[in-house]
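Thanks for making the time this morning.

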Amino acid sequence: MQPTRVIGLMSGTSVDGIDTALVEISGGDLDLKVELLAGETYPYSPQLREHILGLGAGTAMSMADVAAIDDAIAHNFAQAAQHIQIGHHRATLIGSHGQTVYHRPPQGLEELGYSCQLGRGAMIAHLTGITTVSNFRIADIAAYGHGAPLVPKVDAYLLSHPQEKRCIQNIGGIGNVTYLPARSDDWLSQIRGWDTGPGNSLLDLAVQHFTSGTKSYDNNGDWAASGTPCYPLVEQWLSHEYFHLPPPKSTGRELFGITYLHDCLQDAQPYQLNSADFLATITELTALSIVHSYDNFLPRRPHKVILCGGGSRNSYLKNRLQLLLGNVPVSTTDEFGLSAAFKEAIAFAVLAYWRNINIPGNLPAVTGAYQEMLLGEIHDNYR
Ligand SMILES: Nc1ncnc2c1ncn2[C@@H]1O[C@H](COP(=O)(O)OP(=O)(O)OP(=O)(O)O)[C@@H](O)[C@H]1O
Ligand SMILES: CC(=O)N[C@H]1[C@@H]2OC[C@@H](O2)[C@@H](O)[C@@H]1O[C@H](C)C(=O)O
């Protein structure tokens, strides 16, 4: 059978731009094959980024303003899908995650979760003339799940190993892990995954704070590497209840966003840290929150930790993780043939492909849903 050409579109909690992957997919789950033909990140304009961040952070705006942001995101996503196809045969399917602007985890059985991604799939289908699957999280949430993380099942089929236990650690704005036991008869039910807490969100906000917005992130982690972590502060911050909550769990900028950063800056005042020390301290919080969550919530440490997401390019953070994990080697998915920068976009292409052939996309043991669900709403090509 001919492989299906699919575009994956994703803009994550860093709101830095639209990660776009053009892939060829064949097989189902166990025989899944994915080849990346092209990958590109198309940045948002500074104004649109500001509006999206403002909306997420609770800036008061009218419904008309929200509609304009929603439309602008859909147009940008459609444009990204058009651009990525230049020089290639046309895709027949798009999987669009959209732009998360709000995420509320469920509260037991009392209150379902709520997760809002803007950039309507129907608009993208209309503008591109390509059938588009979008709104992936709602079906899992309706089944009492968190609606996140959704990438673990894709990780399972692309990165699991017959003998090794692996942790696939995404470091985006928020961090999330997929724990993959060695592939055996009942391995799928033993996969775990959760949001570990802050990835780059606090680091990025701190860099913007110290540079009055002239820099948006700590390139390579060089600035943090020139400072020294303040461990009493790291300990204090690690006592936050999120880090002690057992999975399934998910979070977002609602918790680890600007208000959290302001609290951290206030906590740091008595220690009179300079900016480098503060960044080193936030980096240490990120690294330790990841490693502690493995120690607290996994049956045992994995054989390998494999990083992806923009934070995998932060050498200082990567080195700190390696030091804390001792003899467990830390690498990136690039070394396993899967682009660390585009893995999430690729995953939403796969989830759309699965939706189209009626393969469920969530793992109930990860999201907490009571059953497997078909993820995503299909918007036909209206042309
Ligand atoms: N060279 C680099 N050095 C240090 N950090 C980097 C580098 N490149 C990217 N980053 C970090 O990665 C972030 C973007 O990561 P990514 O695109 O994976 O996040 P996201 O997909 O928006 O988030 P999420 O996975 O939470 O949805 C940037 O905001 C920056 O903090
Ligand atoms: C609501 C939302 O967009 N959550 C994202 C976010 O970014 C990282 C972490 O928090 C993750 O759980 C999730 O995304 C990935 C793609 C997922 O669903 O697997």
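This is a predicted model: local features need pLDDT of at least 70, side-chain atom pairs count only at pLDDT 80 or more; totals for chains, interfaces and linings use all residues.

Let me start at the ligand, where a polar backbone atom of Gly173 sits 2.9 Å from an oxygen atom of ligand 1. Two further backbone contacts involve nitrogen atoms of the ligand: a backbone N or O atom of Asn220 is 2.7 Å from a nitrogen atom of ligand 1, and for Arg313 the corresponding distance, again from a backbone N or O atom to a ligand nitrogen, is 3.4 Å. Taken alone, ligand 1 exposes 650 Å², and the protein buries 90% of that area.

The protein chain has a mean pLDDT of 97, with 99% of its residues at 70 or more, and for the complex the predictor gives an ipTM of 0.98 and a pTM of 0.97.

Now to the cysteines: how many disulfides does the model have? The count is 0. Cys167 is in no disulfide, and the nearest cysteine sulfur, which belongs to Cys308, is 12 Å away, whereas a disulfide would require the two sulfur atoms to lie within 2.5 Å. Is Cys167 buried or exposed? Cys167 counts as buried because its relative accessibility is 0%, while Cys116, at 21%, counts as partly exposed, since the cut-off for buried is under 20%.

Definitions and conventions
Residues are numbered from 1 along each chain as its sequence is written. Chains are lettered from A and ligands numbered from 1 in the order in which they are written. Side-chain values use heavy atoms; hydrogens and water are left out. Buried means under 20% relative accessible area, exposed over 50%, partly exposed in between (1.4 Å probe, protein chains only). pLDDT is the predictor's confidence in each residue, from 0 to 100. A polar contact is a pair of N or O atoms within 3.5 Å; within protein, one must be able to donate a hydrogen and the other to accept it, and residues adjacent in sequence count only if both atoms are side-chain atoms. Accessible areas come from the Shrake-Rupley method with a 1.4 Å probe; for residues, only the protein chains shown count as cover.
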